[in-house]
Every structure is written in structure tokens, then in C-alpha cells.
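Good morning. I will take one protein model today and walk through it slowly. Please look at the structure first.

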Amino acid sequence: MNTDVLLQLKREFQLLVEQMKIVFCPQDGIQQRAYDILQFKVSLKNLQTRLQTEKQNHSSFGDLDQLEILWADEKTKQKWYQKREQQEELLDRLLIHDNLLLCFCDFIRYNAYKDTLNPTSLLNHLVEFIAIDIRRYTHFPYLAIAYKGIETLTSEIKQFINQLKKQILPGQKHKQKRLYTLILELEEYQSIIQPQAQLFAQEKAEFERQKQQWYQQQEELKHQQQAWLDEQKAKIHQQEARLEEQKLALRRQQPTLIQPSIESFSPVKTDAVIDKKPAKNRQRLGGSPFLLLAVVIGILGGVQFLPKASVNSRKQISALAENQPLELRLKSAQGLAMKASEAVENPPLPLTAWREAQGKWEDAITVLQEMPARQMQSEPVQKQLAIYQEDYNWASQKLIQEQTAIANFNSAKKLALKASVLVKNPPDSVEVWQQAEKKWQTAINLLETIPNDTFIAPQVQEKLTLYRLNSQEIEKRILMQKQADQQRQNNTQS
């Protein structure tokens, strides 16, 4: 089998299907008509002839291909046979798709039941399925890609077959040959769709299983978070209770510590106490007639003349009360930052993931910035703030990159649609072809600006391949049209 020829036929068929998608897929302001499929009949017929020729050549001379692996090892032979089997599958699949589309062309051209049998919706889903089915053969080994609209396609095929059978009248089978041919093709086509339906059902079941598993994990995480919060609340209550006990103990100690000072008060001991103060205080209090009154007022206030041990205890309690919110806030900010890091652990990621991470890093920064000024200036807080700010800026840049990529991708698709509409009904003038080529090139330039590390990069590469093929085809048409115009001009002059 000539692999290069087969791949070329696949690319041409893929390009043709993409053009049909533009015609039959729902678009604002453009009415879809089944009759538009006739503009592709010549191309489909040409592809059918070349595919049948390639299949006939393979049947006649395919055994000669085995000379390539005559001296190869078993592993290489096994891989070669697997690849050849899949190439044969691709060739058969392209023929089946092509035959069915040609049957629709013949049916629509001679359709006497335009009011009751309109296959526009069916063609829309059919073309979507064919595009995805061909895409499976882009890589080796071939991929398993499920078409999400397979259930709708299956239902519409069954419904259309029933409508066709109702139009068949007894004794007129020879007059309604096209109806019979289309019914047979659609019934055979259902055997192709069946594996895709099973694959979609499996993926749907797997998705539901993962969804249930995700919900269970969320519930477990919620219970764990609630348990952690309850545990933290219990610890806070215990610490508050200890603080209250220490406060009560200090209040009970105050009368005991102060009372001996009152009972043993004398001018000599008073002078000794004053000597321990700064000089300016000693001059102010020494010899004052109101010294005893000041001492009594200080005792009743319970602050000025507390012993050193009592003052140190109060400082420890105050420090403990102030440090506790700092620890909790740091843990809360760390938890938010951890969730943000987990959300963007395996890029490339969609916009929702970057938005979620950006929001959590912003929340972590807010938690630290709402601390009291003294706590916020501490080294641990400033260090965490710098890290979270750097992570937040990085997530913001990635978010802007993804948004720009999506905007350019959508703009490129709109330009491609406009270019296709321009040349929807050939032949056209050179100016029209040039306008279309310019739009294709602008769309290509937009796609080429999208980085390879964005989430939509695989879709971008796929569109780039198709758009470049379209642009090359348009350039050929422009050259052919110019040559035709030049020929007509020469004929006119002669």
C-alpha cells in the first residue's frame, strides 16, 4: 500500500469535510440547506475514484509490500502488520464515508419529498462525526476519540430510515432505487457508529464514576476541614480557659503581694524604695507630705506598686494572647496558598484553574495584610507575603496568556468562516479569491501567535494544519483564475 498516497487522500478528504462543516453547521444569520451538498459532489466523486483505485492496487500488489520486512525481527514485523491493518481500515473507512455522502448527493438532487424528507440536521451531525472519525487516524497507533453527539446521530439515522421506508410504495421498487440505496447505506453505516456509541457510553459511565468519586472526596475533605476547625476551636477554648485561670490567679496574688508593703511601711523603707528610682523621681517624692496618700492610692489602683513577678506574668499572658492570632493567620494563609498550588500543579490548564489559583493567592495575601501593623512587620509574615505576591503575579500572567490565546483563536475561526463564505459559490473573480486568501493568512498569523504551552495549543495546531491547506488551495485557485483570465484576454485580442 502506498502510504503517502493514502495520507494525501485522507488530508484531502479531511479538508473537504471541514468545508462541509462550515456549510452545514448552524451559524447566525445563515440558513442551512441540504441542497448545498451538491457543490461537493464532484470532489467526492473524484476522491471515490482514487480511493477505489488505491484499494484495487493494494489487493493486486499488496503482498509485495512484505518484502520490506523480509529480514526484520518479530517485533518489527508485528508492528508493521499492525500498521498495515490500520491503514487498510482507514482506506475502507474513507470509502464508506465517501459513498454515503455521494448517496445523499444523488438523493437530494432527485428528491421528490423535499417537504417531508429534509436531511439538513442529519447531515450536520453526520459531517461532525466523520470529521472526528478521520481525526482518529492522525497518529499511530490510532486514537479512540468519542463523538459527544453520537446518541443524537444514531437517533436521527433511525428516524430518517423510517421516514424513507414510509415513502416506498409497493410494486415501485425499481422507480425508487435511490431510496433503497440510501436506506442500505445508512443501515450499513449504523455498524460503524455502534463502536463509537459504546465508546461514548463507556466514557459517560467513567465520567459519572469520576464525578461521584469527586463528590465523595469533596465530602471527605469537607468533613476533614470541619474536624480540623472543631479541633482548632477546642484548642482556642482551652487556651482561653488557661488565660482566664492565670488572670484569676494573678488577681488572687495581688492582695497578698501588696499587703506586706502596707503593714511594714516606714519612712526608712520608703527611702530605700525611692533610692532605687531615677534621681528626678527621688527629688520629687522625697520629703513630700502626701507620700503616704500616694502609696495608698497606688495600692488601691493595683498597678503602680505591683511586684516584679506579677508584672512579668502579665507580660507573658499579653504576649501569648497576641501571638495566637498570628499563628492562626499564618496557617490559614498557608492553607489557601497550598490549595492554589495544587490547582495549577500540572499545566497547561484552562482559565477556570488559573482564576481559582489567582483568587486563593489573593485571599492568602489579604489574610496576612489584615493583621495588626506590629504583626504584619514581623519577618515570617513579610517572607510569606513576598512568596504569595510572586505566585499571584505568575498566575495573573498565565491567566492573561490564556485569555489572549482564546481571543486570538476565536478571531481566527471567525476569519476562517468569512473566508469560506466568500468562496462558497465558485467560480469567483480573482479579487474575491484574493480577499479570501488574505483572511486565511490573517487567521494563520493569529494562530501562530498562540504559545505552545497554552491549554488550547492542540486545537490551535489542528486548525493551523487545515488553514494552511485552505490557504494553499486558494493560492492555486488564484493562479488558475489569473491564467484563465489571461487566456480569455489573449483570445479576445486575437
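**Surface, burial and confidence**

The accessible surface of this protein comes to about 31100 Å², and 53% of that area belongs to carbon and sulfur atoms. Accessible areas here come from the Shrake-Rupley method with a 1.4 Å probe, and for residues only the protein chains shown count as cover. The model is predicted, so local features need pLDDT of at least 70 and side-chain atom pairs count only at pLDDT 80 or more, while totals for chains, interfaces and linings use all residues. Residues are numbered from 1 along each chain as its sequence is written, and side-chain values use heavy atoms, with hydrogens and water left out.

Next, the fold. The secondary structure comes to 15 helices and zero strands. Helices (H or I, at least four residues) and strands (E, at least two) are DSSP runs, numbered from the N terminus. Of the 494 residues, 35% count as buried. Buried means under 20% relative accessible area, exposed means over 50%, and partly exposed is in between, with a 1.4 Å probe and protein chains only. Among contacts (heavy atoms within 4.5 Å) with a separation of 6 or more, 73% are between residues 24 or more positions apart.

Which residues make the nonpolar surface patch of about 680 Å²? They are F61, L64, L67, L70 and W71. Patches are made of residues with over 30% relative accessible area and no salt bridge; like charges are joined within 9 Å, and nonpolar side chains (Val, Leu, Ile, Met, Phe, Trp, Tyr) within 5 Å. A salt bridge is a side-chain nitrogen of Lys or Arg within 4 Å of a carboxyl oxygen of Asp or Glu. L70 is found in the loop between α2 (41–61) and α3 (74–109), and L70 is partly exposed at 47% relative accessible area.

R84 lies in helix α3 and is buried, at 12% relative accessibility. Beyond its neighbours within four places in sequence, R84 is in contact with H58, G62, D63 and Q66.

Now the cysteines. C103 is buried at 13% relative accessibility, and C105 is buried at 0%.

N470 sits in helix α15 (residues 457–493), with a relative accessible area of 8%. Leaving aside neighbours within four places in sequence, N470 is in contact with L15, Q19 and W440. A337, in helix α10 (residues 308–343), is buried at 7% relative accessibility. A337 touches W361, A364 and Y388, not counting residues up to four places away in sequence. The C-alpha atoms of A337 and D363 are separated by 8.5 Å, although these residues are 26 apart along the chain.

Last, confidence. pLDDT is the predictor's confidence in each residue, from 0 to 100. The mean pLDDT is 77, and 77% of residues reach 70 or more. Where pLDDT is low, the predicted coordinates should not be read in detail.
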